[in-house]
Amino acid sequence: MRFPARMALNNGVQMDRLGFGLYKVPPADAGLLVATALTAGYRRFDTAAMYGNEVGVGRGIGGAIGDAAQADSAVGTTGGSGEAVHNLMREDVFVTTKVWNDHHGYDATLRAFDTSISNLGLDYIDLYLIHWPCAGKGLFVETYKAMETLYREGKVRAIGVSNFQPGHLEELMHKAEVVPAVNQVELHPWLQQTSLRTLHEQLGIATEAWSPLGRGQVLADPAIVSLAHKHARTPAQIILRWHLQLGNLVIPKASSAERIKENFDVFDFELDSGDMDGIAGLERHHRTGSHPDNVN
Ligand code: NDP
């Protein structure tokens with residue numbers, strides 16, 4: 001199966017299926033890693049206010065949008081991975097950031113957005129997400145209303161949620177006017193989120209997989225290693241290709257130029273239906289991160 005490297009969100013905005021995740025990337029490294037990922041071909045970046053690296057991410061992107069001299073001063077080199085990317089247009093790059101749990105509520109979310117967009121040095125954000133529902137706070141609908149305002153004002157091209165479970169989505173769908181474009185949730189071969197994915201399809205919400213490699217834990221799964229041998233690929237490439245064939249948006253994080261490049265090199269091979277069925281059988285309901293009920 002070949003498919004476009006992009007998909008249309010429910011409002012028509014085009015989004016690359018494969019982007020680069022920046023959780024736990026130190027602020028001082030973010031610009032260089034963004035530049036390295038741009039060189040490898042990535043054009044989509046996933047950060048969050050909580051990651052503390054929006055300024056570095058913005059520098060990496062700003063360097064590629066600006067001229068070569070700006071880029072070099074912003075991020076240094078690309079770590080020997082190839083020619084740095086320059087002279088992109090803003091619209092060539094897609095940036096996601098997220099409102100953190102301590103800024104739920106209408107006014108607080110508007111303030112958090114102003115901080116994030118200023119940190120990133122951009123004049124609009126492509127996708128703005130509620131990081132966690134924090135149901136105990138009871139404020140995710142108000143938070144989302146602020147995001148609807150930002151959307152109507154043209155400050156964000158799409159809005160969505162993260163770590164929302166079916167009950168949270170149901171409440172939001174009753175009270176919101178804009179259907180979330182994306183729900184970003186933990187998803188990998190050991191936590192396949194099958195029923196949530198089906199619900200997303202019914203509602204017109206794109207599924208985005210965070211920790212798509214299970215934070216690296218799933219790479220050693222013998223079935224994944226066996227498929228890697230079969231296809232002469234790496235375990236990371238097998239898992240990322242599985243995500244793409246399922247229709248997931250995906251945002252692997254990696255720290256070296258080699259891994260960043262390897263994770264992007266997944267568009268020229270195909271898993272067959274037996275391979276896909278084999279990975280479907282690896283479900284363990286195993287979380288590497290927090291359960292949404294436990295985050296407030
Ligand atoms: P991933 O599943 O992307 O795994 C990252 C780990 O895998 C790192 O330890 C990395 O090592 C390793 N790795 C990456 N590529 C390879 C490779 N080719 N070979 C071997 N090891 C590899 O986990 P993340 O938790 O980082 O998730 C990805 C992104 O999802 C985050 O960066 C963030 O953007 C998003 N996220 C969102 C959350 C949310 O609540 N919305 C929660 C968590 C993540 P190394 O870095 O040493 O190269």
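Q: Which backbone oxygen does the side chain of Arg44 reach?
A: Keeping in mind that this is a predicted model, the side chain of Arg44 reaches the backbone oxygen of Asp16, at 2.6 Å. There is also a polar contact of 2.8 Å that joins the side chain of Arg44 to the side chain of Glu208.

Q: And is Arg44 buried or exposed?
A: Arg44, which has its place in strand S4 (residues 44-46), counts as buried because its relative accessibility is 0%, and the cut-off for buried is under 20%. Leaving aside residues up to four places away in sequence, Arg44 touches a list of residues that includes Met15, Leu18, Phe20, Phe94, Leu249 and Ile251.

Q: What about Leu22, where is that one found?
A: Leu22 is found in the loop between strand S3 (20-21) and helix H1, and with a relative accessible area of 0% Leu22 is buried. Among the residues that Leu22 touches, not counting those up to four places away in sequence, are Ala30, Val34, Phe45 and Tyr51.

Q: Let's switch to helices. Which residues of H8 are buried?
A: In helix H8, which covers residues 222-231, the buried residues are Ile224, Leu227, Ala228 and His231. They lie on the same side of H8, because the arc they cover around the axis is only 105 degrees.

Q: Why would residues with that kind of spacing point the same way?
A: An α-helix has 3.6 residues a turn, so residues three or four places apart point the same way.

Q: Then what is exposed on the other side of H8, and what do its buried residues pack against?
A: Pro222 and His229 are exposed on the other side of H8, while the buried residues of H8 pack against helix H9 (235-246) and helix H11 (273-280).

Q: What happens at the start of H8, and just after it?
A: At the start of H8, a side-chain oxygen of Asp221 comes to within 2.9 Å of the backbone nitrogen of Ala223, and just after H8, Ala232 takes a positive phi of about 55 degrees.

Q: Okay, now H7: which residues are buried there?
A: Helix H7 (residues 194-203) has Leu196, Arg197 and His200 buried, and these line one face of the helix, since they fall within an arc of 100 degrees when seen down its axis. The face turned away from that buried side carries the exposed residues Thr194, Ser195, Glu201 and Gln202.

Q: What do the buried residues of H7 pack against?
A: They pack against helix H6, strand S8 (182-186), strand S9 (206-210) and helix H9. Just after H7, Gly204 takes a positive phi of about 80 degrees.

Q: Last topic: at roughly how many degrees do H1 and H10 cross?
A: The axes of helix H1 (residues 27-40) and helix H10 (residues 257-264) cross at roughly 40 degrees and come within 9 Å, which makes H1 oblique to H10. The contact is made by Leu33, Thr36, Ala37 and Ala40 of H1 together with Ala257, Ile260, Lys261 and Phe264 of H10.

Q: And how do H5 and H6 cross?
A: The axes of helix H5 (residues 140-152) and helix H6 (residues 166-175) come within 10 Å and cross at roughly 50 degrees, and the two helices are therefore oblique to each other. H5 passes H6 in a right-handed crossing, and the residues making the contact include Phe140 and Tyr144 of H5 and His168 and Leu172 of H6.

Methods. Residues are numbered from 1 along each chain as its sequence is written. This is a predicted model: local features need pLDDT of at least 70, side-chain atom pairs count only at pLDDT 80 or more; totals for chains, interfaces and linings use all residues. Side-chain values use heavy atoms; hydrogens and water are left out. Buried means under 20% relative accessible area, exposed over 50%, partly exposed in between (1.4 Å probe, protein chains only). Helices (H or I, at least four residues) and strands (E, at least two) are DSSP runs, numbered from the N terminus. The arc is that of the directions from the helix axis to the C-beta atoms. Contact means heavy atoms within 4.5 Å. A polar contact is a pair of N or O atoms within 3.5 Å; within protein, one must be able to donate a hydrogen and the other to accept it, and residues adjacent in sequence count only if both atoms are side-chain atoms. Axes are lines fitted to C-alpha atoms, for helices over the stretch in contact, and angles run from 0 to 180 degrees between N-to-C directions. Angles under 35 degrees count as roughly parallel, over 145 as roughly antiparallel, 65 to 115 as roughly perpendicular and the rest as oblique. A crossing is left-handed if the near helix is turned anticlockwise from the far one by less than a right angle, and right-handed if clockwise.
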